[in-house]
Amino acid sequence: MTTPVLRRVVRRETHSPRSVAFAVVVLVAIILALYVAVELVLALAAQPALLVRPVAALEWLAGLPGNAPVAAGVAGGLVVAAIGLWLVVLAVAPGRLSKHEVDAGGRVAVIDNGVLAAALAQRVSDEIGVARDRVTVGVAHRSVDVTVRPGAGIPVDKTQVTSLADAEIAALKLARPVRTRVRIARPDDEEKAA
Amino acid sequence: MNDTNRALNRTVLMIVGVILLIGGGAAATAAALPAVGDVWTSSGKAAVDALRAAGDATAIPGTALSWAVIGAAVIAIVIAVVLFASLTTLVSRRSRTVLRSSGSQTPLGRVTITEGFAADAVKNSLAREGDVVAASVTAHTVRDEPVLHVSITARQGADPRRVVDHVDRLMDGLAAVTGADTAAYISIHGGLRSRFASDAARVS
């Protein structure tokens, strides 16, 4: 029983609302609009402008290609275009948050990737007898990376770690399947020192 | 979970982004290519002249005022106000959500269960759970349906599957007690709080 309502909740909890970018853009636009209004009122009252009269500003903008150095014009235009492109990407990209949905019967559950990683690392460390701080686990949207640095002379069976990690991930019942990658790191200097 | 209008957020970002992209691209091209620069300058001059003409045409006789400038100022202020109003959509409105109300047909009268009851029940049950550092329960109304949100900060290294199953059973119990199987959403977080919490008791 995952109702449309719960599907909607999960969708909202696992994707960024883009509120920060929205707030910044709207705040900048509000400041701009208020500034333009102030300049227009000052121009109406025949008072000196705060910075520049609106018509003079537009004239400066129109004359830019001829007046400003070419490099400055190109650079300025490209910076503005880059900001625009970035906003378009923010608007279109899904903005997935680093969380995984897990099966919870009729209810829904969402778990931070960091929590999943910590749990996996703890379990791997307990099972193969390697210190917890020598096991690094990264959980991403589609993959899980397990890195074990057992230290010099301590044998670790890679297939054992892989099957252990796979079993543990299967037990978590993630809604989206992930690929597991296991690495046994044996830095040269550690080996030599031993 | 809040009422933020995400479609609005993304639409505004899209519109502003496209405007900046086109404007910036045009300015860069105009600066780089003299031919395009001439078009930019001549059309810009034409636009400025048109604005001047509009200002002169609507000048109020006997004063330095002109209706076009007054109108432009009013439009700028209205835009600022509308934008400010759109910012308030970011602030979520929360009201006390009623999980179940029996109406008044029972012999006892009306029975109403609010989120506070569910929150206390779940929090007390989770207080003894070693894997849970902190828990909070809130109720929201999503599309006119109450949804309980159980938010849990798990202890570092805790098995989230166990926590989820435990909460799931708690919610089953709550449903049995209240007679309303409210839709529930469980979220498990890590973060600083779980990192700095003491290790779970080794003997239990």
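Guide: Helix α2(A) and helix α3(B) cross in a left-handed sense. Keep in mind that this is a predicted model.

Visitor: What angle do α2(A) and α3(B) pack at, and how far apart are their axes?

Guide: The angle is about 155 degrees, and the axes of α2(A) and α3(B), the latter covering residues 67-87 of chain B, are 8 Å apart. That angle is over 145 degrees, so α2(A) and α3(B) count as roughly antiparallel.

Visitor: Which residues make the contact of α2(A) and α3(B)?

Guide: From α2(A), they include A:Ala23, A:Val26, A:Ile30, A:Ala33, A:Ala37, A:Leu40 and A:Leu44. From α3(B), they include B:Val69, B:Ala73, B:Ala76, B:Ile77, B:Ala80, B:Leu83 and B:Leu87. By class, the residues of this contact are 23 nonpolar, one polar and no charged.

Visitor: Zooming out, how many residues does each chain give to the contact?

Guide: Chain A gives 69 residues and chain B gives 67. On the side of chain A, the elements that give two or more residues are α1, α2, α3, α4, β1, β2, α5 and α6. The residues on that side divide into 51 nonpolar, 11 polar and seven charged.

Visitor: Sheets now. Which strands form the sheet of five, and in what order?

Guide: The order is β1(A)-β2(A)-β5(B)-β4(B)-β3(B), an open sheet with mixed pairing. Its edge strands are β1 of chain A and β3 of chain B, each pairing on one side only. On average, neighbouring strands are turned by 20 degrees against each other, direction ignored.

Visitor: How many bridges join β2(A) to β5(B)?

Guide: Four, and the two strands run parallel, with β5(B) spanning residues 183-189. In that pairing A:Ile111 stands opposite B:Ile188.

Visitor: How many residues are between β3(B) and β4(B) in the hairpin?

Guide: Two, and B:Arg143 in the turn has a positive phi of about 45 degrees.

Visitor: Which strands does α1(A) lie across?

Guide: β1 and β2 of chain A, together with β3, β4 and β5 of chain B. α1(A) runs at about 10 degrees to β2(A).

Visitor: What is the strand order of the sheet of three in chain A?

Guide: β3-β4-β5, again an open sheet with mixed pairing. The edge strands are β3 (135-139) and β5 (179-184) of chain A.

Visitor: How do β4(A) and β5(A) run, parallel or antiparallel?

Guide: Parallel, joined by six bridges, with β4(A) covering residues 143-148. A:Asp145 has A:Arg181 as its bridge partner in β5(A). Helix α6 (residues 158-172) of chain A packs on that sheet, touches β4 and β5 of chain A, and makes about 150 degrees with the direction of β5(A). Helix α5 (residues 113-128) of chain A lies across β3 and β4 of chain A, at about 150 degrees to β3(A).

Visitor: Last topic, domains. Where are the bounds in chain A and chain B?

Guide: Chain A has domain 1 at 17-92 and domain 2 at 99-193. In chain B, domain 1 is 6-90 and domain 2 is 98-196. The C-alpha centres of the two domains lie 50 Å apart in chain A and 51 Å apart in chain B.

How values were computed:
Residues are numbered from 1 along each chain as its sequence is written. Chains are lettered from A and ligands numbered from 1 in the order in which they are written. This is a predicted model: local features need pLDDT of at least 70, side-chain atom pairs count only at pLDDT 80 or more; totals for chains, interfaces and linings use all residues. Two strands pair if DSSP finds at least two bridges between them. Two residues are in contact if their C-beta atoms, placed from the backbone, lie within 7 Å. Axes are lines fitted to C-alpha atoms, for helices over the stretch in contact, and angles run from 0 to 180 degrees between N-to-C directions. Ala, Val, Leu, Ile, Met, Phe, Trp, Tyr, Cys and Pro count as nonpolar, Asp, Glu, Lys and Arg as charged, and the others, Gly among them, as polar. Domain bounds come from an automatic or database domain assignment. Angles under 35 degrees count as roughly parallel, over 145 as roughly antiparallel, 65 to 115 as roughly perpendicular and the rest as oblique. A crossing is left-handed if the near helix is turned anticlockwise from the far one by less than a right angle, and right-handed if clockwise.
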